[in-house]
Amino acid sequence: MIEEYAGVRKSLHPGVQAAAALVLVGGVLGAMWGLGIFNLSSAAASRPAVCSVTPATPATPATPAAATADASAGRLCAALNRSDLPVLLGTPGDHVLNASGSTSTSTFTSAGGSQSRTPQADVQTTTYSLELTGNDDDLTVAQAVPLLGRTAQQTTVLGHPAVLYSNHTIAFSLGGGTTRPGGIARTLMVARSAKDGGGSFEIALWRQDDVLPDDNALRRVAERILPTLPGWTNG
């Protein structure tokens, strides 16, 4: 994750999530490949990977809220893990390497220990990594803009209020156990409703190298995927 940013933003509001952006360098990629963490098919690039969903709390009995969040993570992963994803990203020769869904859980002491569960999907291609997060809360995009720093640019996506902003990734070397600043992750936060009544989706995009990701590619993915997501409304 973009850990330092995630911590700051989550403390401001649970609905404002930071992108998970780890850039693996050195011998890490080969090691993960050997362990089977990457699910690269020998078929054509148009064939997506198989989504795997990690339960939010596998060590404890499932609750209705947890089951709903995990199901949502699976739906987000299925929506993002499209056969035409490399084409939308402008890299039609790429393969989808990995696709997964998960649910992050936050406990708020100020609210009597209540928990918030946030579904998330991650897909990695040869060139890009993407993260899709569903924020089911009362925070509007307009309220989030001042929390997102000086890179935040207000825009619209399919007629819905949106904001485009940047974060730095962290490059991690397993062999040396060191980290360094990586490239830039670009994120679109888009209101679920055109009226910006609260709740949003965030799509983050970053490259495996330090090259700036293509904002047009991010917008193409958002415009194709968002209308297919549960909770998206046209009004």
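1. Arginine 186 is buried, with a relative accessible area of 8%. The model discussed here is a predicted one. Arginine 186 forms a salt bridge with aspartate 215, and their closest N and O atoms are 3.0 Å apart. Since arginine 186 belongs to strand β8 and aspartate 215 to helix α6, the pair ties together parts that are 29 residues apart in sequence. Aspartate 215, at 30% relative accessible area, is partly exposed.

2. Helix α6 spans residues 215–225, and its buried residues are Ala217, Leu218, Val221, Ala222 and Ile225. Viewed down the axis of α6, these buried residues fall within an arc of 135 degrees, so they line one face of the helix. The N-terminal end of α6 is capped by aspartate 214, with a side-chain oxygen 2.9 Å from the backbone nitrogen of asparagine 216.

3. In strand β9 (residues 200–207), eight of eight residues are buried. One side carries Ser200, Glu202, Ala204 and Trp206, and the other carries Phe201, Ile203, Leu205 and Arg207. In a regular strand, side chains alternate between the two faces of the sheet.

4. Strand β9 pairs in the antiparallel sense with β5 over eight bridges and with β8 over six bridges. Glutamate 131 has alanine 204 of β9 as its bridge partner, while alanine 191 stands opposite serine 200 of β9.

5. The count of salt bridges comes to four. Among them, arginine 207 pairs with aspartate 209, the closest N and O atoms being 2.8 Å apart. Arginine 207 is buried at 18% relative accessible area, whereas aspartate 209 is partly exposed at 32%. Arg82, Asp84 and Arg224 are linked in a network of salt bridges.

Note on methods
Residues are numbered from 1 along each chain as its sequence is written. This is a predicted model: local features need pLDDT of at least 70, side-chain atom pairs count only at pLDDT 80 or more; totals for chains, interfaces and linings use all residues. Side-chain values use heavy atoms; hydrogens and water are left out. Buried means under 20% relative accessible area, exposed over 50%, partly exposed in between (1.4 Å probe, protein chains only). Helices (H or I, at least four residues) and strands (E, at least two) are DSSP runs, numbered from the N terminus. The arc is that of the directions from the helix axis to the C-beta atoms. A polar contact is a pair of N or O atoms within 3.5 Å; within protein, one must be able to donate a hydrogen and the other to accept it, and residues adjacent in sequence count only if both atoms are side-chain atoms. Two strands pair if DSSP finds at least two bridges between them. A salt bridge is a side-chain nitrogen of Lys or Arg within 4 Å of a carboxyl oxygen of Asp or Glu.
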